[in-house]
Amino acid sequence: MTFRKLLTSMTAAGFAATAGNALAGDIYPSYGIQYAAKLIFDKKDTKTGAAAASLHSGQAFDTPNDDGNATMIPQTKSMAWCDPAVTPAGYEHNGCYGWGMNANWYLIDLSKLKGQGLNAVWVTVSVERYAGSDPTNNDMIPALTVYRGNQTLGPQMHWFPSELQGMPEFWGWLLQREVFVPGKADPMFSYDSAYATPAQNFASVMGKFKLKGGTQDYLTVAVGGDAKDPNTKHNVNYQLTVDVKQKQPAQ
Amino acid sequence: MKRIITALALGLVCAATPAEAVEIVPGDGITYAAKFVFQKKDTKAGASALSVYSGQTIDTPGDGGSPASIPTTKSMAWCDPATNPPAGAVPGTCYGWAMHSKWFLIDLSGLKAQGLSKLNVTINAKRYIGSDPAKSDLIPALTVWRGNQTQGPLMHWYPSQFQATPPFWGWLLTPWTSKTNPGYMSAYGVGPQTVASVSGPLTLKGRKEDWLTVAVGGDAKHGDASQKHDVYFQLEVDVKQASSGGGGGQVIDPNGCVVGKTCWHPPMSHCMNVDLCNLPQYLGQCQCY
């Protein structure tokens with residue numbers, strides 16, 4: 001229901017409109033998506049032996065040209081990746097949707113690489129439990145979803161298709177589910193949860209990413225917890241590692 | 001980050017973690033607290049102004065009935081000496097905290113195609129009394145730009161008074177000013193400190209250019225940084241067609257204000273909306289014709 005419809009129904013139902021609060025125009029709350037960070041890869045970062053990018057909750061990074069003002073990598077929520085409480089209208093019953101606002105979003109910028117002579121890269125994105133200062137935030141069961149594309153436009157809705165569900169239509173219209181070259185990814189789908197693993201502390205997605213050219217060579221990563229316990233939702237710390245290499249990494 | 005790498009190269013640091021080669025930019029992309037989309041019918045005489053306030057929940061269209069809340073801002077978000085903008089800051093001025101201010105997008109991009117060419121826009125930021133009295137003491141201030149900026153890093157500061165140096169990171173934003181519109185205002189020096197207003201004419205240029213970006217924050221000028229706190233606000237946006245296209249049109253008074261609509265306000269040296277001139281805090285200050 002839009003606010004306009006809500007207002008209409010309120011008026012129709014005979015509720016007195018609050019003085020001065022009648023509305024003109026449509027209102028879209030929370031417009032535009034902020035990535036927790038953008039990770040920019042250069043060809044030299046993709047060579048054998050180059051270090052992977054790694055960051056964790058609570059770590060501070062300077063914004064370039066912002067005169068030493070640091071921004072902190074945030075925490076996510078224990079149920080941000082899969083929570084029955086978000087179920088949007090028209091959802092697929094065999095899955096669980098993530099919280100768009102409680103998950104943390106990252107942008108991996110590979111747009112320079114094609115111009116530097118590369119045609120494809122192997123990408124590994126991993127999320128693991130991170131031990132921060134508060135022990136109650138150190139029990140994350142990590143999960144992640146990787147999309148192709150860069151989405152800063154449009155309203156950020158409450159849910160996202162964490163398991164790449166096709167219904168309802170994804171609001172992130174610049175994001176694509178097909179990320180990796182088929183048959184060159186394990187698993188083929190670009191999402192993973194640590195819930196079903198014995199240690200429940202590590203989730204990872206890996207595949208071969210074909211470089212298409214500037215504006216298409218971005219990956220968007222959603223990071224959240226998959227604790228499957230709606231009664232104990234809380235903040236959790238994590239570490240995110242992104243490795244981009246020209247050669248296929250050893251399994 | 002580069003400094004850390006430089007330090008590594010100089011052999012000053014021998015970290016246990018691997019050297020960071022990949023450039024990491026935190027906080028990329030700006031989230032507006034809300035976008036307001038105006039249609040021609042919303043700009044007709046008699047149409048009500050749009051109004052939102054902290055704590056109000058609004059459904060995202062198409063989001064299956066999940067509401068989002070209009071947030072609070074900070075008492076010193078609009079002007080805080082602690083924001084420390086990069087070298088080159090204009091002395092004697094004060095920059096806003098980009099992350100504590102609330103950003104709103106006014107979407108007028110559909111109006112030119114609907115046959116409109118000129119609008120009068122009034123944007124008011126007001127103190128709002130909510131459930132917690134400790135958060136109900138906002139001294140409102142606002143700045144308005146032309147443009148829509150969702151790209152790029154959100155830096156800590158912004159030029160709340162349009163300071164030209166250092167260069168503004170919002171490269172898609174330009175100050176929205178005119179002879180009668182300074183483009184920003186603080187309630188700090190004004191009466192009971194409860195209303196700040198920016199108003200002026202807007203000539204529509206076409207789809208991509210017909211956006212206004214509004215930053216709302218507090219200007220409490222606390223002597224002690226520990227007094228900074230969350231505050232409620234109300235934001236009102238009124239967009240009206242500038243003239244009906246029939247005869248008549250606007251009559252401009254000797255001060256450059258529009259007779260019957262705006263009046264010269266000497267304390268702030270700009271034309272003020274008549275409705276504002278009639279508020280208790282401004283009563284008797286305006287020169288109306």
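Author: Hi! A term to start with: two strands pair if DSSP finds at least two bridges between them. Strands themselves are DSSP runs (E, at least two residues), numbered from the N terminus.

Reader: Thanks! What stands opposite A:Val146 in β14(A)?

Author: That is A:Val221. Strand β10 (residues 142-148) of chain A and strand β14 (residues 218-225) of chain A run antiparallel and are joined by seven bridges.

Reader: Nice. And what kind of model is this?

Author: A predicted one: local features need pLDDT of at least 70, side-chain atom pairs count only at pLDDT 80 or more, and totals for chains, interfaces and linings use all residues. Residues are numbered from 1 along each chain as its sequence is written, while chains are lettered from A and ligands numbered from 1 in the order in which they are written.

Reader: Which sheet has mixed pairing?

Author: The open sheet of six strands, in the order β12(A)-β10(A)-β14(A)-β8(A)-β2(A)-β1(B). At its edges stand β12 (191-193) of chain A and β1 (23-28) of chain B; each has a single partner strand, so one side of each lacks a neighbour in the sheet.

Reader: Switching topic, what is the strand order in the open sheet of four?

Author: In chain A, the order is β3-β16-β9-β13, with antiparallel pairing. Here β3 (53-56) and β13 (202-210) are the edge strands, each with a single partner, so one side of each has no neighbour in the sheet.

Reader: How many bridges do β3(A) and β16 share?

Author: Four, in the antiparallel sense, with β16 covering residues 238-245 of chain A. In that strand, A:Thr241 is the bridge partner of A:Ser54.
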